[in-house]
Amino acid sequence: MSGRWLAGKAAAAVVTLVFVIVFNFFLFRVMGDPTTQFTRIPNITPTELADLRSDYGLDKPLLTGQFVDYIGDTASFDLGTSQRSRRAVWTEIKDALPWTLLLVGVGTLLATLIGSWLGVIAATRRGRNSDNGLLGFSLFTYAAPEYWIGIILILVFAFWIPILPAGLQMTPGVEFSSWVSEVTDVAEHLILPATAMTLMLLGQYFLIMRSSMVDVLTEDFITVKRATGLPWDRVVSRHAVPNALLPLVTLSAIQFGAVVGGAITIETIFSWPGLGELTFQAINDKDFPVLQGVFLVFSAGVIFANLLADCLYFYLDPRVKAD
Amino acid sequence: MTSLLEVSDLRVTHRGSPIVDGVDFKLDRGEALGLAGESGCGKTTTALALMKLLPPALTQSGSMTLRPEGAEEPINLGRRTEAGMQLVRWRHISLVFQGAMNSLDPVQRIDAQMAEAIRLHSDQKGGKEVGRKISDLFKTVGLPVSAARRYPHELSGGQRQRVMIALALCCDPSLVIADEPTTALDVVMQAQVLQLLERLRESLGLALILISHDLGVLGETCDRIAIMYAGRIVETGPVRSVFDDPQHPYTKLLLDSLPVIGGERGLAPPIPGAPPDPGSPPEGCRFRPRCPYAKDECLADPPLREVAKGQSAACHFAPWKKWPDPRAAAAAGKKA
Amino acid sequence: MSGTATPAGLDARAAAGAPVELADERLRDVLLGTWRGRISVGLLGFFIFIAIFGSLLAPDDPYASSLDVLAPPSWAHPLGTTEQGSDVLSQLLVGARVSIVVGFAAAAISALLGSIVGLTGGYLGGWPDRILDALENWFLVIPALPLMIVLARLLDPSLGVLILVIGLTSWAGTGRIVRAQVLTLRERAFVERAKALGAGDTYVIRTHILPNTLPLIFANTVLIVAVAILSEAALSFLGLGDPSRISWGTMLENAFDSGAPSAEAWWYVIPPGLCITLLVLSVSVIGFLFEEHINPRLRDDR
């Protein structure tokens with residue numbers, strides 16, 4: 001029945017998330033001994049070290065003590081304290097998350113729209129110059145590192161022809177007269193990173209949509225629709241595209257991992273204050289609690305986005321509801 | 001009386017190789033013509049060429065003239081542009097496709113798909129009018145009206161094929177082309193769909209071009225039959241005369257390979273060999289390499305000519321008074 | 001459309017997991033039959049050559065610093081200099097090695113791991129398969145770069161760590177493809193016949209399953225080489241590379257950190273990224289060609 005399919009997907013997502021949480025604990029406890037971080041503190045005495053260890057609950061037994069504590073803490077969004085800023089990791093993440101969502105959302109939206117639109121164009125002009133040109137372009141953006149594209153964008157549009165800001169999310173130290181000018185300022189700062197994000201994702205969406213359209217266009221019902229006298233562009237827009245979107249939705253779920261990767265590198269070069277930049281700083285400072293928290297949030301985000309794609313598929317394809 | 005459709009010298013080529021190689025036929029109003037042959041002989045290509053629906057890799061030529069009821073002057077399909085063809089398609093000629101499974105858009109409800117076609121060719125824009133038309137059509141083809149609100153995958157294969165027939169009738173065409181309409185169905189469903197087509201043809205005065213590899217199906221439904229081989233019509237005539245007294249060796253062998261109820265046990269052997277590759281057709285008669293009766297004369301191309309009343313065959317030796325035993329003939333041919 | 005030669009038969013075969021072959025004489029056609037293939041093979045060959053002989057070809061010591069900082073291209077430095085005054089061209093030639101070595105080694109680990117997991121799960125079936133399949137799905141869902149970052153940060157960066165980290169995180173796709181192929185092969189007549197005749201598991205796997213799965217593994221591994229090269233570059237760019245070696249990723253890191261964009265030092269920014277792009281592009285195109293060859297449904301030029 002209809003609901004069961006979605007319920008199954010949701011249950012699978014929860015199980016995956018639980019595994020991430022468990023994995024996260026053992027990864028950091030087993031592979032990285034947290035005490036090594038404290039020995040870096042200059043002039044630390046063994047008693048101070050022991051105090052610190054008990055503060056962090058590291059003197060408790062691994063499974064029955066530390067693991068149980070960890071699960072309880074994680075469930076109440078207590079992800080520990082950043083060693084760099086001394087702030088709660090969850091607070092740092094909460095501050096950074098909206099900026100990442102903004103960048104990722106705008107980039108994904110633009111890439112989906114432009115990529116699938118170009119994919120439709122290429123599929124209906126298969127084998128012609130415009131198709132080959134688009135194929136070459138998308139393969140290039142697929143192969144090019146997104147941070148390299150970003151650096152080139154900065155070099156060109158922030159310094160060579162200085163029309164856009166090179167980084168940050170808004171002009172620092174400015175009192176905005178109204179929310180309109182504030183939004184405009186953020187939008188201006190968003191253009192370059194969002195362009196880099198869009199270019200990075202564009203190629204994949206284009207290739208998926210193109211091959212999906214090519215498949216759909218060979219189906220019998222397309223010939224039947226043409227036989228009814230429906231003009232070609234309406235056959236494409238009303239029948240081919242809605243069917244071609246289905247694989248796009250499924251396959252774009254695979255993209256979410258890449259989106260996260262792009263967020264890390266692109267936010268790093270644009271100093272965009274999101275989760276990616278937070279990750280980069282944590283790498284540099286060996287700030288393991290932050291790395292642990294960020295990994296958890298990124299994974300949860302991808303799992304959630306996958307579930308969202310399943311819901312969308314459920315909504316778009318009547319065949320799923322049947323069985 | 002002028003015929004509804006006149007096709008002459010229809011040719012379809014793929015990169016220079018002929019797929020359909022000079023096909024001529026006429027179809028009267030209300031007549032049912034069967035088009036038979038092995039797969040790959042150009043039946044479906046011919047059907048798609050009539051509606052100019054061939055994929056771009058295929059090029060077609062030849063004249064096709066349609067004289068639908070009430071039209072002031074004949075429609076020259078051969079000369080029509082794509083935009084012009086859009087006015088003809090479904091309004092005058094419609095199509096029931098072979099794949100009942102994939103002939104409907106899977107993500108749209110059936111009534112929406114039918115309404116789209118109806119609105120395309122008539123001034124009936126009102127939802128109520130269109131809705132009434134759809135429920136009438138569903139009654140005509142023997143489906144519950146509630147099925148219209150369903151998605152294609154929710155119906156059985158037989159029901160879907162009925163939907164396709166209803167869809168084909170929704171603009172009151174004068175000609176329906178049915179390409180293997182029953183191939184994907186089981187025997188009981190086959191019979192039902194064929195009866196439905198037969199009944200509709202009589203009550204609506206439809207002309208029908210029925211394409212099938214199954215001579216039995218064509219024999220039951222059609223007035224006239226045309227046998228195709230390697231892109232050409234090798235024999236045509238009234239169904240009864242062609243079946244009772246075939247005048248082309250290919251027809252003869254096709255009929256011999258049909259199982260006969262109450263006849264000898266077991267199937268007669270299929271025709272040995274394979275149809276020629278369209279890229280390099282044999283010289284002269286296309287069937288020569290597989291024909292047990294082939295002689296030196298067959299190196300010349302045989303024209304399609306009338307050999308009995310209303311029956312034509314493309315064979316140098318037609319009319320055949322008596323068919324020699326093919327195995328003996330083949331052996332004799334080898335010796336000679 | 002029955003008039004033309006229909007590819008439907010091929011589709012059905014590929015979809016049913018039919019035996020796929022990659023015969024030697026066809027291999028040449030696949031790779032060199034199109035201009036895309038010829039250019040890609042040529043490019044990859046060129047980069048492999050540089051990876052082997054790059055340090056001999058370098059006109060300068062890539063590590064030598066000078067006072068000639070961020071200088072534009074000149075006769076002495078055809079691609080200009082870095083923020084340390086080192087020769088960009090020399091660094092570029094030396095840097096090829098890390099990309100190629102990490103790319104191929106990590107892909108090899110990933111192929112081995114994926115094949116073992118996929119074969120085991122697909123062939124054994126039952127609960128081992130369910131566990132391994134869940135593991136694959138988990139690795140497919142988990143975002144790769146954060147996992148690599150965490151692993152690389154926990155271990156100390158070196159070339160071996162990079163290879164291991166990338167190999168360990170990118171095998172799941174191969175595993176799933178191998179599993180699907182093995183599952184369909186297992187049900188096929190020739191395997192069932194061999195089993196009915198009393199053939200042992202190792203025999204069946206060696207003579208029937210592996211030969212029909214290897215081409216798939218191979219094509220997939222080529223695509224993973226591209227992913228691994230990109231991953232190495234990204235990790236190096238984020239400062240998780242081997243600090244003792246020059247790679248294109250670390251070059252980009254240094255270029256960015258030293259303010260090459262604001263200095264408009266395009267000669268420092270463009271070459272390493274372009275090399276990564278061209279290498280990934282050539283490997284990907286070769287991978288796509290293999291994939292197309294194995295699965296004719298993907299073939300385009302019909």
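Visitor: How do you know how many helices and strands chain A has?
Guide: In this predicted model, chain A has 13 helices and zero strands. A helix here has to be a DSSP run of at least four residues, and a strand a run of at least two. Read along the sequence, the pattern is therefore α-α-α-α-α-α-α-α-α-α-α-α-α.

Visitor: What makes a residue of chain A count as buried, and what percentage of the chain is buried?
Guide: The test is whether 20 or more other C-beta atoms lie within 10 Å of the residue's own. Of the 323 residues in chain A, 43% are buried. The C-alpha atoms of this chain fill a box of roughly 85 × 55 × 40 Å along the principal axes.

Visitor: What percentage of the contacts in chain A with a separation of 6 or more join residues 24 or more positions apart?
Guide: That share is 73%.

Visitor: Which domains does chain A have, and how far apart are their C-alpha centres?
Guide: The domain assignment gives domain 1 (2-75) and domain 2 (90-322). Their C-alpha centres lie 32 Å apart. The contact between them takes 15 residues from domain 1 of chain A and 14 residues from domain 2 of chain A. On the domain 1 side, helix H1 (residues 2-31) gives the most, with twelve residues. By class, that side has nine nonpolar, five polar and one charged residues.

Visitor: Let us turn to chain C. What are its elements?
Guide: Chain C has twelve helices and zero strands. From the N terminus on, they run α-α-α-α-α-α-α-α-α-α-α-α. By the C-beta count of 20 or more within 10 Å, 48% of the 302 residues of chain C are buried. Among its contacts between residues at least 6 apart in sequence, 73% join residues at least 24 apart.

Visitor: How many residues of chain C are in contact with chain A, and which helix supplies the largest share?
Guide: With contact set at C-beta atoms within 7 Å, 32 residues of chain C are in contact with 40 residues of chain A. Helices H5 (126-141), H6 (144-154), H10 (201-237), H11 (248-257) and H12 (266-294) of chain C each supply at least two residues of that side. The largest share, eight residues, comes from H12(C).

Visitor: Why are residues on that side of chain C called nonpolar, and how many are there?
Guide: The name goes by residue type, with Leu and Phe among the nonpolar ones and Lys among the charged. Sorted in this way, the side of chain C that touches chain A divides into 24 nonpolar, five polar and three charged residues.

Methods:
Residues numbered from 1 in each chain as written. Chains lettered and ligands numbered in written order. Predicted model: local features only at pLDDT ≥ 70, side-chain atom pairs only at ≥ 80, totals over all residues. Buried ≥ 20, exposed ≤ 12 C-beta atoms within 10 Å, placed from the backbone. Contact = placed C-beta atoms within 7 Å. Domains from an automatic or database assignment.
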